[in-house]
Structures are given as structure tokens and as C-alpha cells.
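Here is a short briefing on one protein chain. Look over the sequence and structure first, then read the points by topic.

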Amino acid sequence: MTPDVCVTPYPRKENGRISETPDFLVSAEHPVEVIGGVQFLHGVSGGVASSNSIGTDLYRAFHRKRCFELEVNQTGVDPNVYDPPIKTLAPVQQKKLDQTMSTILHSFRFSE
């Protein structure tokens, strides 16, 4: 393992085949995140299928000759596929959830 291999978004393997898309894309808005005093590369990935979605924020760092990855995943469903449609989070609720997830992420520390 090398630092370059650790942070390179290689193509995914899907059903025994190499995908045309990378495992993740480096975030253009926020490519590096400092977590617990260590710089992590910030990548994003996601997908949709059958009215469901998943979004992933991943964070990779090469630390002490090892590659580490932290992930925050958010899944969802189109509320209109239900009869009656299900309730969704209000913007203030979504903001609070995002802040809570960020607090959890930034609580990570490497132990000695």
C-alpha cells in the first residue's frame, strides 16, 4: 500500500466486471477534510434504483503506512411511491441531522 494507491478512486468491480465509473469522485467543493488532526481525502459516491437512493461521503487517509477509510452514508426513498406519501424531513431537521453526523465523524481519533 502506498499513499497514491490509498487515495486513488479506481474503477469498481461489479458482477465480476470492471465498471466504467470510479469507486468515488473527489469532492470538487471540499477535497480535503481534517478529522482528528489528520488530513483525509474527501470523496463522494452514490446511486439510485427503484425509487431508492444512497449517497456516500468517504474519507481516506494514509496513516502509519496503512490506508484508512471512514464513510457517512445517507439512504432515502421517494416519498411519493407510498399512498399516501410519507413525510420527509423539514429543512431544519435535515440540517440538524447533517450537523449530528458531522459531529460523529469528527469525533474520530487515531489511538497511539
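Which residues lie nearest the centre of the largest pocket? They are D57, V72, D98, M101 and S102, from a lining of 16 residues. The model is predicted.

**Largest pocket**
- The space in the largest pocket comes to about 350 Å³.
- Three elements each give at least two residues to the lining: strand β6 (52–63), strand β7 and helix α2 (91–105).
- Helix α2 has the largest share of the lining, with 6 residues.
- By residue class, the lining holds 8 polar, 5 nonpolar and 3 charged residues.

**T56 in strand β6**
- T56 sits in strand β6.
- T56 counts as buried because its relative accessibility is 9%, and the cut-off for buried is under 20%.
- The side chain of T56 makes a polar contact of 2.5 Å with the side chain of N73.
- Beyond its neighbours within four places in sequence, T56 is in contact with G43, V44, S45, E71, V72 and N73.
- V72, one of these contacts of T56, is also among the residues nearest the centre of the largest pocket.

**Disulfide**
- The model has 1 disulfide.
- C6 and C67 form the link, with their sulfur atoms 2.1 Å apart. That pair qualifies because the cut-off is a sulfur distance within 2.5 Å.
- The link joins distant parts of the chain: C6 is in helix α1 (residues 3–7), C67 is in strand β7 (residues 66–77), and 61 residues separate them.
- The link of C6 and C67 is right-handed, with 75° about the S-S bond.

**Backbone details**
- The peptide bond between D83 and P84 is cis, with omega about 0°.
- P84 is placed in the loop between β7 and α2.
- S50 is not a glycine, yet its phi is positive, near 50°.
- S51 also has a positive phi, about 70°, and is not a glycine either.
- S50 lies in the loop between β5 (38–49) and β6, and S51 lies in the loop between β5 and β6.
- S50 is exposed, with a relative accessible area of 69%, while S51 is partly exposed at 36%.
- S50 gets the exposed label because 69% passes the cut-off of over 50%.

Definitions and conventions:
Residues are numbered from 1 along each chain as its sequence is written. This is a predicted model: local features need pLDDT of at least 70, side-chain atom pairs count only at pLDDT 80 or more; totals for chains, interfaces and linings use all residues. Side-chain values use heavy atoms; hydrogens and water are left out. Helices (H or I, at least four residues) and strands (E, at least two) are DSSP runs, numbered from the N terminus. On a 1 Å grid over the protein atoms alone, a cavity is a set of points where a 1.4 Å probe fits but cannot get out, and a pocket is an open set with protein on both sides within 12 Å along at least five of seven lines; lining residues have an atom within 4 Å of a point. Grid points are joined across faces, edges and corners, and a volume is the space filled by probe spheres set on the points. Ala, Val, Leu, Ile, Met, Phe, Trp, Tyr, Cys and Pro count as nonpolar, Asp, Glu, Lys and Arg as charged, and the others, Gly among them, as polar. Buried means under 20% relative accessible area, exposed over 50%, partly exposed in between (1.4 Å probe, protein chains only). A polar contact is a pair of N or O atoms within 3.5 Å; within protein, one must be able to donate a hydrogen and the other to accept it, and residues adjacent in sequence count only if both atoms are side-chain atoms. Contact means heavy atoms within 4.5 Å.
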